[in-house]
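Please keep the structure open beside them as you read.

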Amino acid sequence: MADFLRSRLDFLLRTQNDDGGWGYFPGKRSWLEPTAYAMLAIDGHADRAVLNRAWRLVESWQLPDGSWRPGADVEGPGTWVTALGVHLCCTRGQFDDRFTRGVRWLLGTQGREGNWLARLVSMFQPGDPDNDTSHHGWPWLRGTSSWVEPTAQAVVALHLASSHYAGVDARVRDAEELILTRKCHDGGWNYGSRRALGIDLPSYPETTALALLGLQTRKKDLGEEIRHARGLFELTHSRLARAWLSIALGNLGEETAPPDDEPGNDILLAALEAMAHPDGNRSAFRVPSAGSRA
Amino acid sequence: MGLVGVGAGAGILSVEASRSGDGVPESGPPGKSSVAVLKAASYEEDLVARILEGARLCGLDLRGKRVLLKPNLVEFDSATAINTDMAVVAAALQAFRALGAAEVRIGEGPGHRRDTLGLAEEARYLHGIHDFEGVFTDLNRDDVRPVEGFAGERFYFPQSALGADLIVSVAKMKTHHWAGATLSMKNLFGLVPGAVYGWPKNKLHYIGIPRAIAELNRTFRNTFALVDGIVGMEGNGPIQGQPKHAGVLVMGRDLAAVDSTCCRIMGIDPAKVEYLRLASALGHVRESAIEQRGESPHAVRTNFELISQFRNLRLA
C-alpha cells in the first residue's frame, strides 16, 4: 500500500475517540461528518470491530423523527448529516427501521426556495435559472434554503437507498435539476448562488466536486462541467478541494494525479484524501445505475 | 438564486428607549465610549506600535486574560482587500502578548469556504504568522456548547469563543451589499459554527442579518474591536468590491461605537445603518456619546463608494 494512503489510514485508526467516533481534529469531541468519512475511508482496510464501534455511536445519534444530530454536543434538531446516516446504513447493508426512518426524513425535508417575491418572479419567468424556485433540494437544516452540498449528499444517499426504498426517483430527479439550475456561468458550482446583485459569482472547486457527485448518474449531460472541474483541480491549492475533485472525477471515470502532500492533523481531510487515493475506497460515493432500483 | 429569502423574519431587539431626531435610540450604556483612530498609511508601518497605542488610548487591560483574535477570512483572493490583512493580525498577536495576555489565539469560521486553513494560507497567515497552526482554531469545526435565548432559540457556539475572556474582532472596513457596511460587529458571524449551521450560515439570514448581528453582539459582550481600515473595500462588498485606501486602524471596547466611527470615516451615516440602530442599546452610536481619541474621524474621512441600494446612507 502506498505510504500516502497508509499514513492517512494509520492516522484515522489512531485518532478514533473512546466513544467510537471521530472529531474534526484529534482529541476533540466526536461529530457525525468526520465519523462518517472516516468509516467510509477505513472500510475494507480496518478491523470490523473498529467500524462496529463507530456504527454503534452513529446509531445512538439518530433522533426519534428519523434525522441524525450532527455531533456529540448538539442535541438536535437533526440536520443535513441525516444523508450521511442513510449513506452509512446503505454501506453497511442495514436496511432496517433505522434506514427507513432516515429516508423518510430526507424525503420529508426540503429547502425554503425563495421569499414570496422570488416565487412570484419564478412563476412569471419560468426557465430563468436566476429566478427559478421550482425545484427543491435540501438545506443544511430545516427551515432554511437549499444549497449544493447538502443537496448533493442527500441525492447520493437516496440513490444508494433506492434499491431498498421505492419511490425516491422523482425527488432525486428534482434535486438534480436544482443542482443544474444553480450552476455558475463558468461551468462549475459554488455553495449555491450563481448570481448576486446582477453579478455572476464564480464557482468553487470543492462545491463543484460535490455537485458532480450529485449528478454522477447524468454523466451524459456533463461535458463542460467535467472539463471545468479538471481545470479547477489543476489550479486549486486547497487540499480539501483536490480530494473532493479526485473522488468526484474518479466516479465519472476521470483520473487525477495522486496526491502527495504530507499528512496534517485534520481528520476529515485525512479521510477524504484516503478515499481520493487510487488505492483507497474511491467507490464510497459511487451510486448504482438507474436499472437497479427497488 | 441561493440567498433568496435573505432578510426573511427580520425583527427587532426589544429596545426600550425613546428615539432622538436622527432615529437612534437615546439609551445605551452609561457614560461615553472611547474609540481610537490611528493613522497607518500602509501595512509596512510599525503596526505593533499603533495597536499598543490604541490599546492604551482605550484603557485596555489584558493582563492574565485569554484572548481570541477573530479576523475576517472570506475568500481565496490574496490580491484584493477581501480579508483582514495578515500584517494586522500578526501585529495584534504580538501586541496583545506584550500587554500581558495569558494566551492569545486566532480563530475564524468562514461563511462560504470550508477549507479554513487553505484560506489562511492563501491570505499569507500560515507562513506569515509564527506557529500559526499552533495558535489557530477553525471555529466552524470546533467543539461547541449551547447558549439559550439567541434570537429566541438555543444556539450552539464554539468552545474557543465561549471560553475566551476577550474576543477581539479584527475586522476589515468594508461596504456590504445587504447590511450597508461590515465592520467589527458583523465580523462575529464567524463565531457561528458551520458544523451545525452550514456553509453559508443561512440560519442567520432567516433570523435577519441586522437582528443576527445585534444578537451575536448581545451574546458576546467581552469584546474589543480592531478594524483594519488601512485598505478597505468599497462598492459591492464584502466580496466583489474594490480596494479603498483609508489609512487607519480603528479600535475600541464598544463595538457599536467603533462601527459608528468607521461609518463616519467611510462617509456613511451610522444612524441609517439598520444593525447599528438595533444594537444601539448595546453600545453608543451617537457621536456625542463617543470620545474620539487619536485622529478625528472627520479629519480622516474618505467616502467609500456605495451601491445604489445604499446611496441613502451617505453621511451629509
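**Notes on salt bridges, interface and cores**

1. Over all chains, the count comes to 38 salt bridges, a salt bridge being a side-chain nitrogen of Lys or Arg within 4 Å of a carboxyl oxygen of Asp or Glu. This is a predicted model, in which local features need pLDDT of at least 70, side-chain atom pairs count only at pLDDT 80 or more, and totals for chains, interfaces and linings use all residues. Residues are numbered from 1 along each chain as its sequence is written, chains are lettered from A and ligands numbered from 1 in the order in which they are written, and side-chain values use heavy atoms, with hydrogens and water left out.

2. A:Asp73 sits in the loop between α3 (48-60) and α4 (82-92) of chain A and A:Arg29 in the loop between α1 (3-14) and α2 (32-42) of chain A, so the pair ties together parts 44 residues apart in sequence. Helices here are DSSP runs of H or I with at least four residues, strands are runs of E with at least two, and both are numbered from the N terminus. A:Asp73 is partly exposed, at 22% relative accessible area, and A:Arg29 is partly exposed at 41%. For these labels, buried means under 20% relative accessible area, exposed means over 50%, and partly exposed is in between (1.4 Å probe, protein chains only).

3. Next, please look at A:Arg218 and A:Glu176, which meet in a salt bridge at 3.2 Å, N to O. This pair links distant parts of the chain, with A:Arg218 in the loop between α9 and α10 (224-235) of chain A and A:Glu176 in helix α8 (residues 169-181) of chain A, 42 residues apart. A:Arg218 counts as buried at 14% relative accessibility, and A:Glu176 counts as buried at 0%. A network of salt bridges links A:Arg173, A:Glu176, A:Glu177, A:Arg218, A:Lys220 and A:Asp221.

4. In chain B, the side chains of B:Lys172 and B:Asp228 form a salt bridge at 2.8 Å, N to O. B:Lys172 is in strand β7 (residues 166-176) of chain B and B:Asp228 in strand β9 (residues 223-234) of chain B, so the pair ties together parts 56 residues apart in sequence. Are these two residues, B:Lys172 and B:Asp228, buried or exposed? Both are buried.

5. Now for the interface. Chain A gives 49 residues to the contact and chain B gives 33 residues, where contact means heavy atoms within 4.5 Å. Together the two chains bury about 3500 Å², 55% of it on carbon and sulfur atoms; buried area is the accessible area (1.4 Å probe) that two parts lose on being put together, summed over both. A:Trp31, A:Trp140 and A:Leu197 supply 16% of the area that chain A buries against chain B, more than any other three residues.

6. How many salt bridges are there between chain A and chain B? The count is six, and one pairing joins the side chains of A:Glu33 and B:Arg114 at 2.7 Å, N to O.

7. Finally, the largest nonpolar core has 156 residues, and A:Tyr37, A:Trp244, A:Phe285, B:Met173 and B:Val250 touch the most other members. A nonpolar core is a set of buried Ala, Val, Leu, Ile, Met, Phe, Trp, Tyr and Cys residues joined through side-chain atoms within 4.5 Å. A second, separate core of 44 residues includes B:Met86, B:Leu119, B:Ala120 and B:Ile230.
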